[in-house]
Amino acid sequence: MKRLTISDIADAAGVSTGAVSYALNGKPGVSAATRERVLEIADRMGWRPSNAARALTRSRSGAIGLIVDRPAQVLGIEPFFMQLVSGIEMALRSDPSTALMLAVTDDRDAEIETYRRWWAERRVDGVIVVDLHENDIRTGVLAEIGLPAVALGYPESAEVPCVWADDAAPMEEAVGYLAALGHRRIARVAGPDRFAHTLRRDEAFTKAAGTHQLEWSKTVHGDYSGDSGARAARRLLSERNRATAVIFDNDVMALSAMAAAQEMGISVPEQLSIVSWDDSALCRLVRPAVTALDRHITQHGVLAIETLNEVLAVGAAEHVQAPAPILMPRASTARAPLDS
């Protein structure tokens with residue numbers, strides 16, 4: 001069907017297109033009776049305003065951008081981003097005229113180029129930035145071109161406001177919980193070490209291992225995919241003095257590692273305890289259910305939109321600390337084996 005225009009409404013109402021424009025936009029220039037008739041006809045015909053046309057008059061595009069620089073195969077199976085998008089959409093419900101624009105890029109240069117194009121073409125009003133790096137150049141670029149932004153991650157600079165959560169305290173809690181169960185050899189399978197949050201967790205894990213005087217601790221890095229989690233688990237569990245507990249940086253790696261351990265004849269949790277940094281339905285539905293840190297990812301999305309709305313309204317916003325993660329003990333963790 002042909003897209004409905006104000007000319008169609010004008011023909012149906014027997015008035016000029018100018019009168020229809022005045023009526024639809026709530027401007028003076030038409031009588032109350034004409035305005036009421038035009039609005040009734042427009043509603044009956046299914047009229048919806050054009051966001052592109054409104055952007056020209058409001059200097060707003062009606063879209064918030066989110067670019068994910070992750071392999072598509074990882075993004076497609078990782079619940080983290082689905083929870084994040086869910087939170088963003090929840091926050092956007094209060095403004096039906098604003099939508100989320102999502103893009104996936106191959107590398108950081110492509111991501112930056114997309115930001116530049118979106119802003120030059122007035123495609124978005126602002127963006128949410130994820131996966132901060134140490135000395136991340138993206139925040140500087142966004143400040144330089146004037147694109148309003150909020151970052152998810154620990155505040156590394158004052159260039160954009162950040163929504164962040166503590167990484168040190170939950171790592172200490174997870175390691176302390178396993179140590180209290182008698183585990184003295186604890187490993188960690190982390191995400192990519194190019195991410196700032198990975199490096200902070202690395203540091204927190206090393207510190208917690210020293211605090212609890214573990215026999216040994218080890219960190220290996222994966223890419224959040226199931227394959228990398230399984231490979232890391234096989235490598236760690238093939239060592240002579242193998243770990244009795246492993247903390248994984250996401251749920252997908254944790255579940256894949258559980259399957260790999262069972263393939264090797266190592267039972268969970270009798271011989272190996274597993275903890276996931278992210279909680280999701282996957283952790284609760286698998287057997288044994290996986291002990292996890294609930295990071296309230298949906299709430300991160302809500303806070304990101306609320307903070308970005310403040311930036312768009314007044315030009316600035318403070319950093320916002322999200323609720324602290326909560327350790328959810330489940331059946332994948334138990335006391336360390338007696339022979340360990």
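Helix H10 supplies 3 residues to the lining of the largest cavity, the largest share. The model is a predicted one, and a search of the whole structure finds 1 cavity of 30 Å³ or more. Its volume is about 330 Å³. The lining consists of 24 residues, and those closest to the centre of the cavity are Phe80, Leu152, His197, Arg201 and Arg295. Two or more lining residues come from each of strand E5 (162–164), helix H10 (196–211) and helix H14 (297–314).

Side chains of opposite charge can pair when their charged atoms come close. Across the whole structure, 18 salt bridges are found. One of them joins Arg330 to Asp279, with the closest N and O atoms 3.0 Å apart. This pair links distant parts of the chain, 51 residues apart: Arg330 lies in the segment after strand E12 (326–328), and Asp279 in the loop between strand E9 (273–276) and helix H13 (281–285). Both Arg330 and Asp279 are buried. Salt bridges with shared partners also join Asp167, Arg188, Arg200, Arg201, Asp202 and Asp249 into one network.

Asp279 has a salt bridge with Arg284 as well, at 3.5 Å from N to O. Asp279 counts as buried because its relative accessible area is 7%, whereas Arg284, at 42%, is partly exposed.

A further salt bridge joins the side chains of Arg123 and Glu121, at 3.1 Å from N to O. Arg123 is partly exposed, with 36% relative accessibility, and Glu121 is partly exposed at 42%.

Note on methods:
Residues numbered from 1 in each chain as written. Predicted model: local features only at pLDDT ≥ 70, side-chain atom pairs only at ≥ 80, totals over all residues. Heavy atoms only, no water. 1 Å grid on protein atoms, 1.4 Å probe; cavity = no way out; pocket = protein on both sides within 12 Å on 5 of 7 lines; lining within 4 Å. Points joined across faces, edges and corners; volume = space filled by probe spheres on them. Helix = DSSP H or I, 4+ residues; strand = E, 2+ residues; numbered from the N terminus. Salt bridge = Lys/Arg side-chain N within 4 Å of Asp/Glu carboxyl O. Buried < 20%, exposed > 50% of the residue type's maximum accessible area, 1.4 Å probe, protein only.
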